[in-house]
Amino acid sequence: MSTSYDGSLGTTVNVIPRGADVSVGFNSTIVLVGEGDSGTADLQEGYFIEDTDDAEGLFGEEAPLVDAFGAARANGAPEIWGVPVDSTDPNYEAAVETAVDLGPRYIYVDSEDDADVNAAVGVVEDRATDLDLTRVFAPISEDVDVADIGEYEPRADSQRLVEVAPLTATVAGADTYMAAAIVGAASTKPLGSSLAYDGVVVDELGTEYRASMAVDFERVTAVTKDAEVVDGMTTSDEGAFSDIFQMEIVDTAILGLDEVAQDYGGSEVNTPDGRANLESDMRIFLQSLAAQTPPLLADAFGGDPFVVEADVGGDADEVIVTAGVNPVDVMKQITIDLNIGRVTTLGGIEADE
């Protein structure tokens, strides 16, 4: 993995390529999957959507995918693809397989039906084992009244699923699911930036939740009556997997560490020095995430943002790498202690020359 050069006067120069070629991250592409069988598009095939006229031609003027496109585009989504399913016999599993192959940051499912959304999540979770990493955005499974917020349970426990409340909204003059607007807004966020407290573009919300009520949703990305996102949440009930932007940082770390490991697998000798080089390259990659401005890895309390240890495994050809990362936190709660009392200032004094 390294090259040594003998210099003059007894010096040696070791040139060690460490992490120089690691390039990972997420684009802003979203894929909309939903009913659209009355246009020119073939079912379960992916199509880039240029504008509303393009969407209407591909999926039909009355297709729900057209309205979802308008909501996502109104909220800034720069690159949108669509995969249509049949309105009477939809095959979301096949459509989402197509969507994952397009390499999107997010996949939006234009359905509130549990079977449709769960089929999509199943595909995404399965493909994640091959490091095809993405997330599904979907509507909540039912229209939730204000009084029932605390009773709502997401349809699945998954860090690859994002459910959005309220169920519906009017965006760009068309009725659609609120999730279509949120997936558009989320696609514009840079890696390491939270959706919390962001405003979204909507004409009207199907159900209006005051901020004090919307915060009672658990594992749901909820929007207040003022069109402000409470927080960008996955449906995972594991706290460490609950924040969308932090999970994307984790995905980035996974992809980068895997790329470093591929450079070593099948070529580097399994010796203490070889494992030390592997550790070092992985640290260099993670340090690049910690050194960004703003950083992607950081500990709010001043601890180490990451740790990497490599050791020989049970067999002589196996290396066990133990890595840990601290995705950066953002300020979501600021408490101000305002002390009331007399404040004495000293002024009006000048020194003599």
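Modeller: Let's take the sheet. Strands of a sheet pair through backbone hydrogen bonds, either parallel or antiparallel. Here, an open sheet of 7 strands runs in the order 4-5-3-6-7-8-12, with mixed pairing. Strands and helices are DSSP runs numbered from the N terminus (strands E, at least two residues; helices H or I, at least four), and two strands pair if DSSP finds at least two bridges between them. This is a predicted model, where local features need pLDDT of at least 70, side-chain atom pairs count only at pLDDT 80 or more, and totals for chains, interfaces and linings use all residues. Residues are numbered from 1 along each chain as its sequence is written, and side-chain values use heavy atoms, with hydrogens and water left out.

Biologist: Which are the edge strands?

Modeller: Strand 4 (47–48) and strand 12 (221–222), each pairing on one side only. Strand 4 pairs with strand 5 in the antiparallel sense over 2 bridges, and Phe48 has Trp81 in strand 5 as its bridge partner. Strand 5 also pairs with strand 3, in the parallel sense over 7 bridges, with Thr29 standing opposite Glu79.

Biologist: How many residues of strand 5 are buried?

Modeller: Strand 5 (residues 79–85) is mostly covered, with 5 of its 7 residues buried. Buried means under 20% relative accessible area, exposed over 50%, and partly exposed in between, using a 1.4 Å probe on protein chains only.

Biologist: How do strand 7 and strand 8 run?

Modeller: They run parallel, with 4 bridges joining strand 7 (residues 135–139) to strand 8 (residues 161–165). Val136, for one, has Leu161 in strand 8 as its bridge partner. Helix 5 (residues 178–187) packs on this sheet, touching strand 3 (29–35), strand 6 (106–109), strand 7, strand 8 and strand 12, and its direction makes about 170 degrees with that of strand 6. Contact means heavy atoms within 4.5 Å; axes are lines fitted to C-alpha atoms, for helices over the stretch in contact, with angles from 0 to 180 degrees between N-to-C directions.

Biologist: Is Arg160 buried or exposed?

Modeller: Arg160 counts as buried because its relative accessibility is 6%. Arg160 sits in the loop between strand 7 and strand 8. Its side chain makes a polar contact with that of Asp251 at 2.9 Å, and a polar atom of the Arg160 side chain lies 3.1 Å from the backbone oxygen of Thr134. A polar contact is a pair of N or O atoms within 3.5 Å; within protein, one must be able to donate a hydrogen and the other to accept it, and residues adjacent in sequence count only if both atoms are side-chain atoms.

Biologist: And the salt bridges: how many are there in the whole structure?

Modeller: A search finds 14, each one a side-chain nitrogen of Lys or Arg within 4 Å of a carboxyl oxygen of Asp or Glu. Take Arg135 and Asp251, whose closest N and O atoms are 2.8 Å apart. Arg135 lies in strand 7 and Asp251 in helix 7 (residues 244–264), so the pair ties together parts that are 116 residues apart in sequence. Arg135 is buried at 1% relative accessibility, and Asp251 is buried at 1%.
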